[in-house]
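This report covers a pocket and a sheet in one protein model. The sequence and structure come next.

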Amino acid sequence: MNQSNQNQPFGFATAAIHCGEEPNYNTCGNVVAPIHLSTTFARKQVDKPTGGYDYSRTINPTRKALETKLAALEGARHALAFSSGFAAVSMALFATLKAGDHLIALNDVYCGTKRVIDGVLQRRFGVDVSYVDQTRLEAVEEAVTPRSRMVWIEGLSNPLLNMVDIRALADLAHRHGMLLGVDNTFISPYFLRPLELGADIVVHSSTKYMSGHSDVISGAVMCNDDEIRKELAFCQNAIGAVLSPWDSYMLMRGLKTLAVRMERHQSNAMTIAHFLENHPRIKRVIYPGLESHPQHELIKRQCSGYGGMITFELADNGNKRAACDFVESLNHIALAESLGGVESLIEIPSLMTNIGSSPEDCEALGINDLMVRLSVGIEDVNDLITDLSQALERC
Ligand SMILES: *Cc1c(COP(=O)(O)O)cnc(C)c1O
């Protein structure tokens with residue numbers, strides 16, 4: 001695995017542990033960044049905030065330590081932490097778009113992202129949007145208008161696990177004076193770093209792989225450009241959806257094991273993808289690490305791994321509730337939305353995470369009621385396979 005990072009003198013796992021958390025030998029030599037709960041910071045002179053700190057919404061030492069670590073991991077010059085993944089998505093869009101601008105987003109964009117684009121940006125703030133199949137670059141090219149300002153994609157899309165040639169799309173976007181934004185939640189910076197491929201903005205729901213323990217709602221935006229950072233910092237302070245010091249600490253704690261977790265997520269997922277591919281109850285398995293994945297070659301070239309998400313479709317045996325019967329029969333794999341935690345989670349996109357999309361939209365994308373999305377955890381893989389096997393007997 002190639003984990004080199006152009007902005008870092010050392011490897012990913014080292015950065016995950018040490019960046020932002022150098023021991024402070026002027027106080028007690030703590031090896032872990034302290035949680036600074038203070039909402040305000042005292043100064044000796046009116047015009048000299050101590051160490052640049054004035055008020056915690058604007059700047060907080062714990063959040064700053066986290067942001068340093070996040071930037072290092074994504075290979076970015078700047079990172080900003082927010083109170084949820086959607087706060088991060090919203091801030092990335094608010095900081096770069098204005099009324100009259102046109103946004104081109106991928107057609108299977110995360111449902112909640114579609115909700116903020118359609119329900120807030122388009123409905124209330126006059127931003128136009130086109131949804132296109134971005135695995136086809138010519139579809140993006142055709143959607144460009146003189147007012148197009150941004151292209152928005154996901155590193156790995158949900159739930160179909162599609163991937164775009166980021167370098168080619170970044171070139172296309174820049175040729176037309178557009179920015180490229182990438183939601184990198186589904187595969188994590190351990191396997192994919194879009195900024196190094198030419199993207200301008202990366203966002204994360206760090207609720208998922210980044211924190212990794214299903215216990216902190218949080219989001220992050222990363223970029224290299226100083227002007228974009230300035231706009232993001234303005235929005236972070238003006239709108240105020242900041243990550244709390246406690247949650248910043250929780251996220252830092254999770255990030256330290258991101259590298260080892262991702263390796264295990266991936267090896268478990270690969271084993272399970274092969275198991276499912278050979279099971280008679282399964283019609284189709286979508287996993288980036290399988291040669292049958294439509295963008296397998298691209299993913300192999302663009303990423304240093306395939307991640308831990310698998311989407312699969314049960315064979316139609318006449319039981320309309322087959323997927324429900326299957327997921328409700330699992331003993332250890334939890335039936336729950338979300339992903340990226342140490343525990344395996346399973347869900348039915350058409351009935352759960354994508355319930356906001358119309359049945360026609362799901363149909364058009366190829367999402368149906370026999371489709372299941374599995375976030376493979378880091379348990380013993382044999383236990384996961386035993387659980388999947390017994391549940392597949394019951395549907
Ligand atoms: C979960 C998720 C979000 C939203 O993140 P929250 O932390 O739940 O607000 C955005 N994008 C993707 C791809 C996600 O998986």
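## Basis

The model is predicted: local features need pLDDT of at least 70, side-chain atom pairs count only at pLDDT 80 or more, and totals for chains, interfaces and linings use all residues. Residues are numbered from 1 along each chain as its sequence is written, and side-chain values use heavy atoms, without hydrogens and water.

## The largest pocket

Both domains give residues to the lining of the largest pocket, so the pocket lies between them; the domain bounds come from an automatic or database domain assignment. A pocket here is an open set of points on a 1 Å grid over the protein atoms alone, where a 1.4 Å probe fits, with protein on both sides within 12 Å along at least five of seven lines; lining residues have an atom within 4 Å of a point. The space in the largest pocket is about 390 Å³, taken as the volume filled by probe spheres set on the points, which are joined across faces, edges and corners.

The lining has 21 residues, with F86, Y110, G112, S205 and K208 nearest the centre. Helix α4 gives the most, 4 residues (helices are DSSP runs of H or I, at least four residues, and strands of E, at least two, numbered from the N terminus).

## The sheet

An open sheet of 7 strands has the order β1-β7-β6-β5-β4-β2-β3, with mixed pairing; two strands pair if DSSP finds at least two bridges between them. The edge strands, β1 (78-82) and β3 (128-132), each pair on one side only.

Strands β2 (residues 102-106) and β4 (residues 148-154) run parallel and are joined by 4 bridges. A105 stands opposite W152 in β4.
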